[in-house]
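Reader: Could you take me through this protein step by step, letting me ask as we go along?

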Amino acid sequence: MTPNRQIVTSQVLPAPKFRYSPVVRCGGFAFVSGMLGLDRDTGSLVEGGAFEQAARILLNFKALAAEQGWSLAQIAMARIYCVDFETHFPQANRAWEAVFADVPPPARTSIGVAGLPLGGLVEIEFQVAL
């Protein structure tokens with residue numbers, strides 16, 4: 001038996017730049033596609049470095065969570081992808097630490113990559129337990 005897969009629509013996320021579903025519910029989880037540090041109004045990467053991009057990703061995720069009725073404590077797993085890992089990951093991690101200062105953080109994997117879409121420095125994907 002295949003779990004029921006449902007595409008979730010959102011009014012708060014930036015519009016996808018490519019053909020994919022930003023959020024899919026399946027089984028007892030919601031899978032949130034990798035998010036870049038995009039401004040929700042312009043659809044462009046925010047200015048600044050990895051800290052600003054990661055902070056925007058987390059801000060956009062928090063808006064999605066509020067829209068969907070989720071809490072940060074429901075994030076079961078996150079994957080962080082960083083270009084130039086030695087330089088950019090510490091900055092992205094500072095943004096992460098600020099958001100999860102008072103919430104038990106989820107399981108997490110951090111991966112260095114050669115490049116990300118749209119020239120992003122950081123991308124984060126989430127799995128949310130429903």
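What follows is a set of questions and answers about the predicted model shown above.

Reader: How many helices and strands are there in the protein, and what pattern do they follow along the sequence?
Author: In this predicted model the protein has 2 helices and 6 strands. Read along the sequence, these elements come in the order β-β-β-α-β-α-β-β.

Reader: What share of the contacts with a separation of 6 or more comes from residues 24 or more positions apart, and what share of the residues is buried?
Author: Taking the contacts with a separation of 6 or more, residues 24 or more positions apart account for 69% of them. Of the 130 residues in the protein, the buried ones make up 39%.

Reader: What distance separates the end C-alpha atoms of helix α1, and what span should its residues give?
Author: Helix α1 covers residues 50-68, which is 19 residues, and at 1.5 Å a residue it should span 27 Å. The end C-alpha atoms agree with this, since they are 27 Å apart.

Reader: Which residues of α1 are buried, and what covers them?
Author: The buried residues of α1 are A50, Q53, A54, I57, L58, N60, F61, A63, L64, A65 and Q68. What covers them includes the strands β1 (5-8), β2 (23-26), β3 (29-35), β4 (75-83) and β6 (122-129), together with the helix α2 (85-99).

Reader: Is Q53 buried or exposed, and which residues does Q53 touch?
Author: Q53 lies in helix α1, and with a relative accessibility of 4% it counts as buried, because the limit for that word is under 20%. Leaving out residues up to four places away in sequence, Q53 touches G37, L45, V46, G48, G120, L121 and V122.

Reader: Which residues form an aromatic cluster with W70, and which residues is W70 in contact with?
Author: One aromatic cluster is formed by W70 with F61 and F126. Apart from its neighbours within four places in sequence, W70 is in contact with V23, R25, A30, V32, F61, L64, A65, V128 and L130.

Reader: Why do the rings of F85 and F89 count as a stacked pair?
Author: The protein has 5 aromatic pairs. The ring centres of F85 and F89 are 4.7 Å apart and their planes lie at 10°, and because planes under 30 degrees apart count as stacked, this pair is stacked. The two residues are 4 apart in helix α2 and therefore separated by about one helical turn. F85 is partly exposed at 27% relative accessible area, whereas F89, at 14%, is buried.

Reader: What is the arrangement of the rings of W96 and F100?
Author: W96 is buried at 4% relative accessibility, and F100 is buried at 7%. Their ring centres are 4.5 Å apart and their planes are at 35°, so this pair is tilted.

Reader: Where is I80 placed, and which residues does I80 touch?
Author: The place of I80 is in strand β4, where it counts as buried at 1% relative accessibility. Not counting residues up to four places away in sequence, I80 touches F89, W96, R108, T109, S110, I111, V122, E123 and I124.

Reader: Which residues other than glycine have a positive phi, and where are they placed?
Author: Most residues other than glycine have a negative phi. D84, in the loop between β4 and α2, has a positive phi of about 50° and is partly exposed at 42%. L118, in the loop between β5 (107-113) and β6, is partly exposed at 43%, and its phi is near 60°.

Definitions and conventions. Residues numbered from 1 in each chain as written. Predicted model: local features only at pLDDT ≥ 70, side-chain atom pairs only at ≥ 80, totals over all residues. Heavy atoms only, no water. Expected span 1.5 Å × (residues − 1). Buried < 20%, exposed > 50% of the residue type's maximum accessible area, 1.4 Å probe, protein only. Contact = heavy atoms within 4.5 Å. Phe/Tyr/Trp six-rings, centres within 6.5 Å; stacked < 30°, edge-to-face > 60°.
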